Amino acid sequence: MPDERPPIELTDPRALRAYAHPVRGKLVGLLRRRGPLTATQAAELLGESSGTTSFHLRQLAKYGLAEEAPGGRGREKPWQATSMLTHVPPIQATPEAAEAAKQLRITFTRSYFDNVIRWLQRADDDSKRWREALDDAIDKLIEPYSRRLDHPDERPSNSREVSYIGIAFPMEDA
């Protein structure tokens with residue numbers, strides 16, 4: 001069943017800066033992939049202390065990115081993501097928000113590339129069939145755009161050259 005919760009739109013500079021913290025980004029991703037987790041469970045998966053994850057979960061709740069899930073009590077209370085997607089508008093209303101959004105994008109980009117490097121170091125362990133299927137699926141997605149390289153007449157009049165990095169990799173919890 002698809003998730004019906006709307007994406008969270010982040011425009012508040014404080015919320016953007018809060019989400020840019022590396023542990024918080026990992027926590028939100030973990031809650032989105034794994035579902036409700038206690039601070040202790042999240043700590044084990046991320047290699048952090050439960051005190052650290054508990055603190056960061058409360059900070060995420062303060063900005064609407066996580067919430068207490070039903071069930072459990074005290075240290076056993078689970079947390080869940082409030083949405084499966086976060087949208088950060090490309091244009092922000094203030095210079096402060098624009099800078100915070102830029103820092104969030106930089107933090108997330110670094111995290112993704114760190115994950116890619118870890119996967120590349122062990123990619124040979126994944127089956128050739130799995131890697132080829134993933135590459136084929138990505139190639140089909142970008143084919144309409146890559147045709148434009150050889151067919152300039154298919155480019156919109158106001159188009160710009162874009163560099164595309166097509167990297168898909170299996171997610172890890174940390």
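**Charged pairs**

Me: What makes the pair of glutamate 99 and lysine 102 a salt bridge?
Reply: The closest N and O atoms of glutamate 99 and lysine 102 are 3.2 Å apart, and the term asks for a side-chain nitrogen of Lys or Arg within 4 Å of a carboxyl oxygen of Asp or Glu, so the pair qualifies. Both residues lie in helix 5, three residues apart, which is about one turn of the helix. Since this is a predicted model, local features need pLDDT of at least 70 and side-chain atom pairs count only at pLDDT 80 or more, whereas totals for chains, interfaces and linings use all residues. Residues are numbered from 1 along each chain as its sequence is written, and side-chain values use heavy atoms, with hydrogens and water left out.

Me: Why are glutamate 99 and lysine 102 called neither buried nor exposed?
Reply: Buried means under 20% relative accessible area and exposed means over 50%, with partly exposed in between (1.4 Å probe, protein chains only). Glutamate 99 has 37% and lysine 102 has 42%, so each is classed as partly exposed.

Me: How many salt bridges are there by this rule?
Reply: The count comes to six. One of them joins the side chains of glutamate 96 and arginine 17, with 3.4 Å from N to O; this pair links distant parts of the chain, glutamate 96 being in helix 5 and arginine 17 in helix 1, 79 residues apart. Helices here are DSSP runs (H or I, at least four residues), and strands are runs of E with at least two, both numbered from the N terminus. Glutamate 96, at a relative accessible area of 48%, is partly exposed, and arginine 17, at 42%, is also partly exposed.

Me: Why does the pair of glutamate 132 and lysine 128 count as a salt bridge?
Reply: Its closest N and O atoms are 3.8 Å apart, which is within the limit, so the label holds. The two residues both lie in helix 6, four residues apart, about one turn of the helix. Glutamate 132 is partly exposed at 41%, but lysine 128, at 57%, is exposed. As for the general principle, side chains of opposite charge can pair when their charged atoms come close.

Me: What makes a group of residues a nonpolar core, and which residues of the largest one touch the most other members?
Reply: The term covers buried Ala, Val, Leu, Ile, Met, Phe, Trp, Tyr and Cys residues joined through side-chain atoms within 4.5 Å. The largest core has 26 residues, and Leu10, Leu16, Tyr19, Leu27, Leu31 and Leu60 touch the most other members. At least two core residues come from each of helix 1 (13–19), helix 2 (22–34), helix 3 (39–46), helix 4 (50–62), strand 4 (78–81) and helix 5 (95–122). Helix 2 gives the largest share, five residues.

Me: What is leucine 16 in contact with, its neighbours within four places in sequence left aside?
Reply: With contact meaning heavy atoms within 4.5 Å, the partners of leucine 16 are Leu10, Thr11, Val88, Gln92, Ala97, Ala100, Ala101 and Leu104.

Me: What pLDDT does the chain average?
Reply: The average is 89, and 98% of the residues score at least 70, on a scale of the predictor's confidence in each residue from 0 to 100.
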